Amino acid sequence: MADRTTVSDDDQGKPIVDEHGEKIGVVSEVRGGTAYVDPDPGITDKVSSKMGWSSADKDDYPLPADEIGVITDDEIRLS
């Protein structure tokens, strides 16, 4: 799959990394074309997200599309 900048349901569970390559969270849910980020996921949250069982809660934050630098098969990199 080619690198892209638009999120899809397949991105749920992917780590979010900043411009320095530091992991800052994980996508807990993709809803309406917006990725929601859990900044401090526990092991249960990580497994649930990968399996598609998770959903965003009050502690998760929407990731603005203009902050996405590139989406690869393994991660979402911020610009």
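These legends describe close-up views of a predicted model.

**View 1. An open sheet of six strands.** The strand order is β4-β3-β2-β1-β6-β5, and the pairing is mixed. β4 (61-63) and β5 are the edge strands, each pairing on one side only. Direction ignored, neighbouring strands of this sheet are turned by 40° against each other on average. Strands of a sheet pair through backbone hydrogen bonds, either parallel or antiparallel.

**View 2. The β5-β6 hairpin.** β5 and β6 form a hairpin, with four residues between the two strands. Their pairing is antiparallel and runs over three bridges. I68 has L78 in β6 as its bridge partner. Both I68 and L78 also belong to the largest nonpolar core.

**View 3. The largest nonpolar core.** Eleven residues make up this core: V7, I16, V27, V30, A35, V37, L63, I68, I71, I76 and L78. In soluble globular proteins, nonpolar side chains tend to be buried together.

View 4. V7 sits in the segment before β1. Is V7 buried or exposed? V7 counts as buried because its relative accessible area is 12%, and the cut-off for buried is under 20%. Beyond four places in sequence, V7 touches V30, G33, T34, A35, I68, I71 and I76. V7 and I76 are 69 residues apart in sequence, yet their C-alpha atoms are 8.9 Å apart in space.

**View 5. The surroundings of V37.** V37 is another member of the largest nonpolar core. Neighbours within four places in sequence are left aside here. The contacts of V37 are then I16, G25, V26, S28, D59, D60, Y61 and L63. Among them, I16 and L63 are also core residues.

**View 6. K14, a buried lysine.** K14 lies in the segment before β1 (15-17). Why does K14 count as buried? Its relative accessibility is 6%, and buried means under 20%. A polar atom of the K14 side chain lies 2.6 Å from the backbone oxygen of T72. T72 is also among the contacts of K14 beyond four places in sequence.

How values were computed:
Residues are numbered from 1 along each chain as its sequence is written. This is a predicted model: local features need pLDDT of at least 70, side-chain atom pairs count only at pLDDT 80 or more; totals for chains, interfaces and linings use all residues. Side-chain values use heavy atoms; hydrogens and water are left out. A nonpolar core is a set of buried Ala, Val, Leu, Ile, Met, Phe, Trp, Tyr and Cys residues joined through side-chain atoms within 4.5 Å. Buried means under 20% relative accessible area, exposed over 50%, partly exposed in between (1.4 Å probe, protein chains only). Contact means heavy atoms within 4.5 Å. A polar contact is a pair of N or O atoms within 3.5 Å; within protein, one must be able to donate a hydrogen and the other to accept it, and residues adjacent in sequence count only if both atoms are side-chain atoms. Two strands pair if DSSP finds at least two bridges between them. Axes are lines fitted to C-alpha atoms, for helices over the stretch in contact, and angles run from 0 to 180 degrees between N-to-C directions.
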